[in-house]
Amino acid sequence: MSGDAYDAGSAPNPTPSRHQTRASTPVAAVVVAALVALAAAFVLPARADAAPSGHVSSRGLPPGFLWGVSSSGFQSEGMDPGGLHAGGRLPDSNWSRYVAAGKTDDAVGSSVDFRHRYRSDIALARSLGVRVYRVSVEWARIEPRPGVIDRRELAYYDEMIGAIVSAGMRPMITLDHWVYPGWIAARGGWAVASTPTAWLHNARFVVDRYARYDPLWITINEPEVYILNEVRMGGLPATASAAMRNRLVEVHTSIYRYIHQRQPGALVSTNIAYVPTVEPILDAAFVDLVRSSLDFIGLDYYYSASVTDLGAINAATGKPWKAPLSADGIYYSLRDLARRFPGTPLYVVETGMPTENGGPRRDGYRRGDHLRDLVYWVTRAYADGYPVMGFNYWSLTDNYEWGSYTPRFGLYTVDVKTDPTLRRQPTDAVAAYREVTAHNGVGAAYRPTRPAQWCSLAAAPASCTQPVR
């Protein structure tokens, strides 16, 4: 992430995301945004419906609530064939080129080798009791050259998605999780006017092939962070940011219509990387432009901020494990989205906890406790009338966090750099999630292990002026 000044009309926004691992810090921009929000919190009146005081209802979440896990192709699939210790290769893509150019801390290597271990990982997900498994179908794998389909890779996706369905889970398929073929990169990526045509050709092919499974669909993962990372990694000139944004709007709306033609009753969305204090401004750049083609609002929530703790900046400096985690922020985020998109269902597409190399966090927060606390606040949001329909944990296993293996988010930890067996080791959150799915929540008697933040800036000013107790 660049620390230089930026033009809000053309350059990407300074968005702290779990995906940014080799980035300098736009400290001024983040701090200014936080201070503006803080000032507004003390001058704007509270709404009449501020501060609902009820606890979690004994009824909890609805019977059809969708519990799930999230992942992405490039981050988890790795080399083919062989792997890190057998001289394997990665499909040619924008990201394999960034790695080869030395723009990342770590090479991808085998990652966690989901490409060859998907059946056992799907079995792990099934054992959690989840109903949704989010994956991506990587364009770079299935169309390595223009108009050429790699039938072996296509068969892999056929078998993998079929295995999810056979295990009793519903696929959530991401069409674009920031990775496109090397031949698109060679043409200029999203800076080139022909890219939407090629993107839509692939996306329609994927929809035609998998619509029969009735998947949930994510068209583009975190569009604003996608733009930011393309600029940061050198795949997009900063001057082309507005053009890429417009092209993402174009392909999203087009594929949305196509999916509904092929899959009546489909649920299609994009997912928002929810940034404390500035989210409504970010949404104006993309989400507000496609709001008529969103069947649900996808939320990615990770980091918190408050008047007394602006440490979320660490999420943008390559040390996300130092960023504060306050689970009540997910409540404020859901409340904010419910108010701005009234009547539209909400789905937590990603949420989780970063640790450093799988070790304990300095603040002592354990993954299992954090998971339960998140579920508590999601349940509170539902009890207060906000239409939450699903919750995906990021991620089933540790994986490649866009440049580094140091940040760990997995329910199962995997030490890619030192363990050639890539053993999946359960964290305490595995048992916690099994209990959550078995009881469809944490129960009416549960109370969070951490108090709500004082004057949270998660969705400022309302999260400060209208706190939950």
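Residues are numbered from 1 along each chain as its sequence is written. Local features need pLDDT of at least 70, side-chain atom pairs count only at pLDDT 80 or more, totals for chains, interfaces and linings use all residues, and side-chain values use heavy atoms, without hydrogens and water.

Colleague: What pLDDT does the protein average?

Modeller: pLDDT is the predictor's confidence in each residue, from 0 to 100. Residues 21–54 stay under 50, and residues 82–87 are also below 50. Where pLDDT is low, the predicted coordinates should not be read in detail. Of the residues, 86% score at least 70, and the protein averages a pLDDT of 88.

Colleague: Is F74 buried or exposed?

Modeller: Buried means under 20% relative accessible area, exposed over 50%, and partly exposed in between (1.4 Å probe, protein chains only). F74 has 9% relative accessibility, so F74 counts as buried.

Colleague: How do the planes of F296 and Y347 place this aromatic pair: stacked, edge-to-face or tilted?

Modeller: Rings of Phe, Tyr and Trp (its six-membered ring) pair if their centres lie within 6.5 Å; planes under 30 degrees apart count as stacked, over 60 as edge-to-face and the rest as tilted. The ring centres of F296 and Y347 are 5.8 Å apart. Their planes meet at 45°, so the pair is tilted.

Colleague: Over the face of which residue does R115 lie?

Modeller: A charge sits over a ring if NZ of Lys or CZ of Arg is within 6 Å of the ring centre and within 35 degrees of the ring normal. At 4.3 Å from the ring centre, R115 lies over the face of Y156.

Notes
Contact = heavy atoms within 4.5 Å.
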